[in-house]
Amino acid sequence: MLSIREKIAYGLGDTASNIVFQTVMLFLTFFYTDIFGISAAFVGTMFLAVRIMDAVTDPLMGYLADRTNTRWGRYRPYLLWFAFPFGAISVLAFTTPDLTENGKEIYALLTYALLMLAYTAINIPYCALGAALTTNPAERVSVQSYRFVFAMLGGLMVSALTLPLVDFFGQGDKAKGYQLTILAMSILGTLMFLLCFAGTKERDFSTDDNSENIKAAVKALWANDQWRVLSAAAIFLLTGLVLKSTLAIYYVKYFLGREDMISLFVTSGVVANIVGVALAKKLADRVCKVKAYIRLQLIAAVLCILAWFVPGEQYLLALVLYVAWNFTINMGTPLLWAKMADTVDYGQYKTGVRTTGLVYSSVIFFIKLGLAIGGALAGWLLAAYGYQADISQSQETLDGMLLCFTLYPALASIAVAFVMRHYTLDGQRVAQISIALEQKHSGT
């Protein structure tokens, strides 16, 4: 059994990660279009272009982490090595130098690409560390529940404090306000990464030689059919999640006409996220994790569809449905990440090769691909529906925003539920695999 102290220390790492992740999801598109002055279409294309880079960097990072050998372990050292660079690059991404339109686009592309590289270098080893803490299936759900409660606390901080801090630091200059706000959050995030490094301990559960070259490791990964299921689910999940989260600010400001309530709207959603992930273990203790996850996705889809019928003057009803959607969609988050650790064990059981970092890095790549597709769709669809920054929008644009915020995310959740029907690692099978690996490790 892991101590509560170690679970909290591990969770702090995702608090730090979410300072950037949630800022990107909630504010970066809006920052680029309404503060930095870049077109929505370019922002969408940029998000997707950077993800092409991740197709190479993410698996390489996982492969490298699996073969790192230090006195601190395989994965923990990266928290120490990249905490400061990650914080510094985050500030650069939210800095607005006085450049031409093309210069702004080049600057945004370079700093965003660097930000995603730094995120890869620290987040993939961090995620893989979760599988190196324990082999107990129930403890894995507990670890991920702690992790995502703390992750959502980071999201809560971002959603509740970003706009007030922008006003406080900027004193009317929003560009300066964003820069100083991210500077303050980055300092805090760096300290949290260091606390995560200091408060966790790796336990090496590998029973096989990990000296295979990358071609052999990728071959073993591809043989893991359950990894393929999770990867497909991750794309659809994040596409819908990011599309809805990105459009939330636009939806409240323009469709609901309540710019004064943006912070309350997004913060309420993050509070619902926290409650959802906190209750995930109780759900997993009572219901099969796979069946529970599928049902949560279908409920989330229904909530999105219901939101499509809410008229623009019904702010309270829109808020209630948004809170319910966040609660539902994020109750499944710890279950999904616990499944990744189970998939690592399954791959080792099936192929004899343990590819912890490669499994996590590749699934994270598909998560970030979904993040990019969702962000790109947000930019492209806003442009396609005629959006122009900071003016009254046409009825066609408002109708398009509503579709992007409701029905399109619903389709994504339905796709996730369909894909997860092919995931077969239920509790009984995971327990059998765990026993078989333990026996092999002990030589019995």
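Reader: Which side chain meets Asp 342 in a salt bridge, and what is the N to O distance?

Author: The partner of Asp 342 is Lys 289, and their side chains meet at 3.1 Å, N to O. A salt bridge here is a side-chain nitrogen of Lys or Arg within 4 Å of a carboxyl oxygen of Asp or Glu. Please keep in mind that this is a predicted model, in which local features need pLDDT of at least 70 and side-chain atom pairs count only at pLDDT 80 or more, while totals for chains, interfaces and linings use all residues. Residues are numbered from 1 along each chain as its sequence is written, and side-chain values use heavy atoms, with hydrogens and water left out.

Reader: Where do Lys 289 and Asp 342 sit in the chain?

Author: Lys 289 belongs to helix H11 (residues 289-308) and Asp 342 to helix H13, so the pair links distant parts of the chain, 53 residues apart. Helices are DSSP runs (H or I, at least four residues), numbered from the N terminus.

Reader: Is Asp 342 buried or exposed?

Author: Asp 342 counts as buried because its relative accessibility is 2%, and Lys 289 is buried as well, with a relative accessible area of 13%. The cut-offs are under 20% relative accessible area for buried and over 50% for exposed, with partly exposed in between (1.4 Å probe, protein chains only).

Reader: How many salt bridges does the count come to?

Author: The count comes to nine salt bridges. One of them joins the side chains of Arg 147 and Asp 14 at 2.8 Å, N to O. Arg 147 lies in helix H5 and Asp 14 in helix H1, so this pair ties together parts that are 133 residues apart in sequence. Both Arg 147 and Asp 14 are buried.

Reader: Which residues are linked in a network of salt bridges?

Author: Asp 34, Lys 253 and Glu 259 are linked in such a network. Within it, the closest N and O atoms of Lys 253 and Glu 259 are 3.9 Å apart. Lys 253 counts as buried at 10% relative accessibility, whereas Glu 259 is partly exposed, with a relative accessible area of 45%.

Reader: Which side chain makes a polar contact with the side chain of Asp 66?

Author: The side chain of Tyr 75 does, at 2.7 Å. A polar contact is a pair of N or O atoms within 3.5 Å; within protein, one must be able to donate a hydrogen and the other to accept it, and residues adjacent in sequence count only if both atoms are side-chain atoms.

Reader: What lines the largest cavity?

Author: There are 29 lining residues, and Phe 21, Phe 148, Leu 238, Leu 241 and Thr 333 lie nearest the centre. H1 gives the most to this lining, with six residues.

Reader: And which residues lie nearest the centre of the largest pocket?

Author: Of the 13 residues lining the largest pocket, those nearest its centre are Phe 30, Leu 163, Asp 167, Lys 174 and Glu 259. About 190 Å³ of space lies in this pocket, and the largest share of its lining, four residues, comes from H5.

Technical notes:
1 Å grid on protein atoms, 1.4 Å probe; cavity = no way out; pocket = protein on both sides within 12 Å on 5 of 7 lines; lining within 4 Å. Helix = DSSP H or I, 4+ residues; strand = E, 2+ residues; numbered from the N terminus. Points joined across faces, edges and corners; volume = space filled by probe spheres on them.
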